[in-house]
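Subject: Handover of a structure

Dear colleague,

Please find the structure below. My notes on it follow.

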Amino acid sequence: MYTVLVIDDSPSMRRIIKDMINSIDEFEVIADAYDAYDAREKIKEYEPDLVTIDINMPKMNGVTFLRNLMRLHPMPAVVISGESVRGNDIFDDGAVGFIPKPDSGESMAAFAKRIKESLLNLTFLLKRYTLKKPTPKKKVISKKHMDVERKIHPDEVIRSTPARSSFGAKKLIAIGSSTGGVESLLKVFKSLTNNLPPILITQHIPYGFSKSFADRLNDNSCLTVHEATDGMILEEGHAYLSPGNMHLTIEKVGSVYKTKLLDTVKVSHHRPSVDVMFRSINNVVGGGSTMAIMMTGMGDDGSIAMKELYDNGAYTIAQNEESCVVFGMPAKAIQKGAVKDIVHLNEISQYIIDFSSGKKR
């Protein structure tokens, strides 16, 4: 049984959502909250396995609350709000799900079905979270610590020192994604062959979920997919997913490339950060033998270092708006002039295969 805290300023909507979630066998609403500050106290008191968050709330909006929740008390969060929130570039991608509230023409039965399907799809992540759930902290979170965190530039973690790719250098593929990335990556990996260069993945995902997601990718792909740990040698036919609370970078040791995890500050509001991973690859491998892919997600993480890769000769693609759950990160990369080709989700696998065989540059 997974416990849920429902956060919404509308008493009627709280009641509706609570009833719908309680009708699902695997879930139980143990409390509800009417704003962010009430929610903060309820989280400390009840330690739920999952929270649902509305965006339009008094005192502190759901965007700010979600950002600070992921910074101070990372846990599974599903946004249940109006459709328009999907275009909000300041929304922090700590959420593991998004459920639009019903429009005027949708029945409550249809809304309940969407909630049930969305939550049941998250059970593999929730199981992992509950097994690794941190011990509750006694320290009270003061209001001053709930201020919006400063956005940190990648320079504060890793400086830009682009490498030049040597002739015949080993190829490398890097993928960055966020909101909507879990299902999108699964779709891409199902169609990949097992003779590809090493693939590095930074998906914005809360702590405790990355190992389960790596296992799920592994089970649904011809590739061997790992949750990255320090010092793993990058091998052909293998993919390496960043842990949910560490930056994924690489280093060259002798003639091989190895993973190197960094436990530093968040960059572009994220740890792991796509910017950190892309910049590390540009510094160590260079652009000439690298393919960088920007997939669905809110915000702009990755756009800075993707432009650096592009300028250094990397082959860069971005998922198109039509196939994105959220056209934020790809849009920012395109706006920066960091993208060579804009590709539908259904075509990304073939583009990876073509790059690996020398057909795409």
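Leaving aside its neighbours within four places in sequence, with which residues is phenylalanine 189 in contact? Its partners are Ile175, Ile199, Ile201, Leu217, Asn220, Ser221, Leu223, Val225 and Ala239, where contact means heavy atoms within 4.5 Å.

Please note that this is a predicted model, in which local features need pLDDT of at least 70 and side-chain atom pairs count only at pLDDT 80 or more, while totals for chains, interfaces and linings use all residues. Residues are numbered from 1 along each chain as its sequence is written, and side-chain values use heavy atoms, with hydrogens and water left out.

Phe189, Ile199 and Ile352 have the most contacts inside the largest nonpolar core, which has 74 residues. Such a core is a set of buried Ala, Val, Leu, Ile, Met, Phe, Trp, Tyr and Cys residues joined through side-chain atoms within 4.5 Å; buried means under 20% relative accessible area with a 1.4 Å probe, protein chains only. Helix H11 (residues 345-356) gives the most to this core, with six residues. A second, separate core of 28 residues includes Leu234, Leu261, Met306 and Met329.

Met306 also belongs to a helix pair: in H9, Ser303, Ile304, Ala305, Met306, Glu308 and Leu309 meet Asp275, Phe278, Arg279 and Asn282 of H8. Helices H8 (residues 274-284) and H9 (residues 303-311) pack with their axes 7 Å apart, at an angle of about 20°. H8 is therefore roughly parallel to H9, a term for angles under 35 degrees.

Of the 361 residues in the protein chain, 54% count as buried.

Yours sincerely

Key. Buried means under 20% relative accessible area, exposed over 50%, partly exposed in between (1.4 Å probe, protein chains only). Helices (H or I, at least four residues) and strands (E, at least two) are DSSP runs, numbered from the N terminus. Axes are lines fitted to C-alpha atoms, for helices over the stretch in contact, and angles run from 0 to 180 degrees between N-to-C directions. Angles under 35 degrees count as roughly parallel, over 145 as roughly antiparallel, 65 to 115 as roughly perpendicular and the rest as oblique.
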